[in-house]
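Reader: I would like to go through this model step by step. Please set out the terms as they come up.

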Amino acid sequence: MLFSKFKLQDLITCKFCLKSVLEKDAKFCIFCGAELNHPAKQRFNYIYSKNPAIMVAFLAKMSKVDNRIITKELSKFISSLLDKIDLFYSKEYSGFRSTYAKIFEQEKNKGRSIDELCSSMRILNAKEADFLICLLLDLIYFDKKINANENTLMENIIIGLRLNLISFREIKLRYEQIYDFNQKNKQENYQKQEDKEFKITLEQAYEILQCQINDDFETIKKNYRKLAKEYHYDSLNSKEIPLELLKIAQEMMRKINLAYEIIKKARGI
């Protein structure tokens, strides 16, 4: 038998017409046409009531918050989360993985309510509770942020399961710190790359500020202020010039500022 705790019920008699069904694996009674509790249905219903399937259901509910579009990348990521569930419960419920996709689709489209899921689930220990929290946060932070509706649903699940809300918020804070740290690193690396791309020589700095190398510093400062005013975003934006020209002006403004700093450094100012 595929599931050690699963026992196949007798299919010989139809419970509606109490007549024997000649085909043991028939899905419908050959006498009254009623749907039978055939093996595949029995297995699905057995799995459907267990904690792993309820975790799959929670993932499905979270995936549809704000009508999120499930892209190819997100679909692969969700599949990896289903693999995590299978691995976590491998000792108690081996062989369930093949049913998770069907449960996910059923719960995403309709299925049970959050209250029904919470009342059906029995968290046995802190390890299982933390696993569920991290599983849902993994899905939430797929796009590197958590919105108000996701947070509300998450807290409703925590409260419905009677888990520690403070512990959840502490775990969520660690997720936020990780993603915020990664975002800051990306921004810093991007800035370093931009600075490298805008590296200019002293000679180029004088050209950008439309000055000569033997000009006094007051002349250089005057030219700098004139160009800064000419290319400043607020000044150009008020003239309603095209967005592409604004981007070019912003790039030029960065060069003007960099040129001015290079000249000041070269003159010890």
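Author: Helix axes are lines fitted to C-alpha atoms over the stretch in contact, and angles run from 0 to 180 degrees between N-to-C directions. This is a predicted model, in which local features need pLDDT of at least 70 and side-chain atom pairs count only at pLDDT 80 or more, while totals for chains, interfaces and linings use all residues. Residues are numbered from 1 along each chain as its sequence is written, and side-chain values use heavy atoms, with hydrogens and water left out.

Reader: How are α2 and α6 oriented to each other?

Author: The axes of α2 and α6 come within 10 Å and cross at roughly 30 degrees. Angles under 35 degrees count as roughly parallel, over 145 as roughly antiparallel, 65 to 115 as roughly perpendicular and the rest as oblique. Therefore α2 and α6 are roughly parallel.

Reader: Which residues make the contact of α2 with α6, and what is its make-up by class?

Author: Contact means heavy atoms within 4.5 Å. On the α2 side are N51, M55, F58, L59, M62 and S63, and on the α6 side E128, F131, L132, L135, L136, L139 and I140. Ala, Val, Leu, Ile, Met, Phe, Trp, Tyr, Cys and Pro count as nonpolar, Asp, Glu, Lys and Arg as charged, and the others, Gly among them, as polar. By class, the contact of α2 with α6 has 10 nonpolar, 2 polar and 1 charged residues.

Reader: How is α6 oriented to α7?

Author: Helix α6 covers residues 126-140 and helix α7 residues 148-160. Their axes come within 12 Å and cross at roughly 170 degrees. Because of that angle, α6 and α7 are roughly antiparallel.

Reader: What classes of residue form the contact of α6 with α7?

Author: I133, L136 and I140 in α6 meet E150, M154, I157 and I158 in α7. By class, the contact of α6 with α7 has 6 nonpolar, no polar and 1 charged residues.

Reader: Is R68 buried or exposed, and which residues touch R68?

Author: R68 is found in the loop between α2 and α3. Buried means under 20% relative accessible area, exposed over 50% and partly exposed in between, with a 1.4 Å probe and protein chains only; R68, at 18%, is therefore buried. Leaving aside neighbours within four places in sequence, R68 is in contact with S63, L74, L139, I140, D143 and E150.

Reader: Which residues of helix α1 are buried?

Author: Helix α1 spans residues 39-48. What covers its buried residues includes α2 and α4. The buried residues are P39, Q42, F44, Y46, I47 and Y48.

Reader: How many helices and strands does the protein chain have, and what share of its residues is buried?

Author: Helices (H or I, at least four residues) and strands (E, at least two) are DSSP runs, numbered from the N terminus. The protein chain has 12 helices and 0 strands. Of its 269 residues, the buried share is 36%.
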